[in-house]
Amino acid sequence: MKTRITELFGIQHPIIQGGMHFVGFAELAAAVSNAGGLGIITGLTQKTPELLAREIAKCREMTDKPFGVNLTFLPTFSAPPYPEYIQAIIEGGVKAVETAGRNPQAYMDQMKAAGIKVIHKCTSVRHSLKAEAIGCDAVSVDGFECGGHPGEDDIPNFILLPRAAEELKIPFVASGGMADGRSLVAALALGAEGINMGTRFIATQEAPVHENVKQAIVAASELDTRLIMRSLRNTERVLMNEGVKRVLEIEREKGDAITIDDIHDQVAGIYPKVMIDGDMQSGAWSCGMVAGLIHDVPSCKALIDRIMSEAHELITGRLARFDRG
Ligand SMILES: Cc1cc2nc3c(=O)[nH]c(=O)nc-3n(C[C@H](O)[C@H](O)[C@H](O)COP(=O)(O)O)c2cc1C
């Protein structure tokens with residue numbers, strides 16, 4: 001399938017694997033790219049720019065296809081050394097960067113000068129337009145359904161995607177709630193040029209996470225995620241567990257007086273415990289409502305091939321039938 005996104009990134013299928021903390025290692029990124037999508041290494045999971053350089057080199061050994069790096073710009077005072085991370089990306093010959101979080105404007109010149117295509121993840125039309133204005137090549141429009149940080153507007157993709165299509169000139173992918181051929185075809189109908197998936201790619205053979213995580217996603221329904229940290233204006237969609245129950249209790253008790261210190265134990269340093277140790281009750285980790293649509297743990301290739309063949313059948317079969325009057 002050819003879209004403005006496949007053309008932009010030089011990939012076969014319009015499917016991107018979004019950056020995911022302690023999930024987006026070389027193994028997953030390479031598997032997605034080898035299957036014809038765009039795999040993405042999560043930059044900040046690598047503690048230093050040197051370690052990121054090594055992860056990029058490892059990925060390069062595992063695939064000769066294009067892959068990208070996610071750089072999440074955190075709302076923090078002790079910012080990671082972003083220019084050095086970007087230098088590692090440039091020196092590693094990576095030509096696609098998924099930015100997220102804060103506005104990446106300060107780093108655009110450095111990336112553009114190296115010929116990098118930048119796709120910025122946005123949860124609103126106004127942020128998407130800002131990304132377009134500062135020179136991003138594409139945006140990943142993340143609806144309210146998404147795993148991770150859906151922003152504070154709570155607009156689901158059935159509204160957000162066509163609104164983005166009304167306003168944007170640069171291409172965008174639909175992110176949040178995407179799982180299968182139906183998602184892809186719906187996203188294309190709503191104006192997107194492809195899809196970005198997070199949660200779905202965790203439940204794959206190659207995702208280098210503990211088996212418990214994959215099984216938790218398969219077992220979860222669409223009712224099993226919760227939003228936390230709303231009163232801190234850092235809303236995150238996570239899978240319900242004992243740690244998350246505790247966060248919700250503390251949030252109820254403290255109300256607007258809550259600070260990050262009140263929930264530190266349930267939200268800080270949790271990813272290695274969950275993703276590496278498989279300790280599923282330890283605290284908050286991002287997961288999308290789309291868990292309700294995930295029933296198996298295929299290889300990335302089987303997943304992507306299935307999405308593309310389902311999409312083809314939907315377009316040429318079911319949808320074409322409706323057009324025959
Ligand atoms: C476990 C997990 C960790 C994530 N970590 C990050 C991250 O570090 N940076 C980022 O930009 N997005 C992160 N995301 C968001 C994904 O890249 C993607 O936008 C989101 O998962 C899309 O929604 P979906 O899960 O419904 O597919 C994470 C998502 C999950 C599920």
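I call a residue buried if 20 or more other C-beta atoms lie within 10 Å of its own, and exposed if 12 or fewer do. I note also that the model is a predicted one.

**Entry: helix α10**

I started with helix α10, which covers residues 211–219. I looked up its buried residues and found Val213, Ala216 and Ile217. Viewed down the axis of α10, these fall within an arc of 95°, so they line one face of the helix. On the other side of α10 I found Glu211 and Ala219, which are exposed. I then asked what the buried residues of α10 pack against. The answer is α9, β10 and α13 (270–275).

**Entry: helix α6**

I went on to helix α6, residues 125–133, where Val125, Ser128 and Ala131 are buried. Their directions from the axis of α6 stay within an arc of 115°, so they too line one face of the helix. The face of α6 turned away from the buried side carries exposed Arg126 and Ala133. I listed what covers the buried residues of α6, and the list includes β5 (117–122), β6 (138–142), α7 (157–167) and β7 (172–175).

**Entry: helix α4**

In helix α4 (residues 82–91) I found Tyr85, Ile86, Ala88 and Ile89 buried. They cover an arc of only 155° around the axis, which puts them on the same side of α4. I noted their packing partners as α3 (49–62), β3, β4 (96–101) and α5. Just after α4 comes Gly93, with a positive phi of about 75°.

I followed the strand pairs in order. Strand β2 spans residues 39–42. Gly39 and Ile41 point one way from β2, Ile40 and Thr42 point the other way, and all are buried.

β2 runs parallel to β3, and 4 bridges join them. Thr42 stands opposite Asn70 in β3. β3 also pairs with β4 in the parallel sense, over 6 bridges. There I found Phe73 opposite Gly101 in β4. β4 and β5 pair in the parallel sense over 4 bridges, and the partner of Val97 in β5 is Val118. I checked how covered β4 is: 5 of its 6 residues are buried.

**Entry: the nonpolar core**

How many residues does the largest nonpolar core have? I read 90 residues. Those with the most contacts inside the core are Ala29, Ile41, Ala187, Ile195, Ile202 and Ile217. Ile217 had already come up as one of the buried residues of α10. In soluble globular proteins, nonpolar side chains tend to be buried together.

**Entry: around the ligand**

I counted 29 residues around the ligand, of which Gly18, Ala100, Gly147, Gly198 and Gly288 come nearest. β3 (67–73), β8 (195–197) and α9 (199–202) are the elements that give two or more residues to this shell. I sorted the shell by kind and got 9 nonpolar, 16 polar and 4 charged residues.

Phe22 has a positive phi near 60° and is not a glycine. I located Phe22 in the loop between β1 (15–17) and α2 (26–34). Is Phe22 buried, exposed or partly exposed? Phe22 counts as partly exposed, because it has 18 C-beta neighbours inside 10 Å.

Met229 is not a glycine either, and its positive phi is about 65°. I placed Met229 in the loop between β9 (225–228) and β10 (236–239). Met229 has 18 C-beta neighbours inside 10 Å and therefore counts as partly exposed.

**Entry: Ala113**

Last, I looked up Ala113, which lies in helix α5 (residues 105–113). Ala113 is exposed, because 9 other C-beta atoms are within 10 Å. I also took the separation between the C-alpha atoms of Ala113 and Arg318, which is 45 Å. Along the chain these two are 205 residues apart.

Terms used. Residues are numbered from 1 along each chain as its sequence is written. This is a predicted model: local features need pLDDT of at least 70, side-chain atom pairs count only at pLDDT 80 or more; totals for chains, interfaces and linings use all residues. A nonpolar core is a set of buried Ala, Val, Leu, Ile, Met, Phe, Trp, Tyr and Cys residues joined through C-beta atoms within 7 Å. The arc is that of the directions from the helix axis to the C-beta atoms. Two residues are in contact if their C-beta atoms, placed from the backbone, lie within 7 Å. A residue is near a molecule or strand if its C-beta atom, placed from the backbone, lies within 6 Å of it. Ala, Val, Leu, Ile, Met, Phe, Trp, Tyr, Cys and Pro count as nonpolar, Asp, Glu, Lys and Arg as charged, and the others, Gly among them, as polar. Two strands pair if DSSP finds at least two bridges between them.
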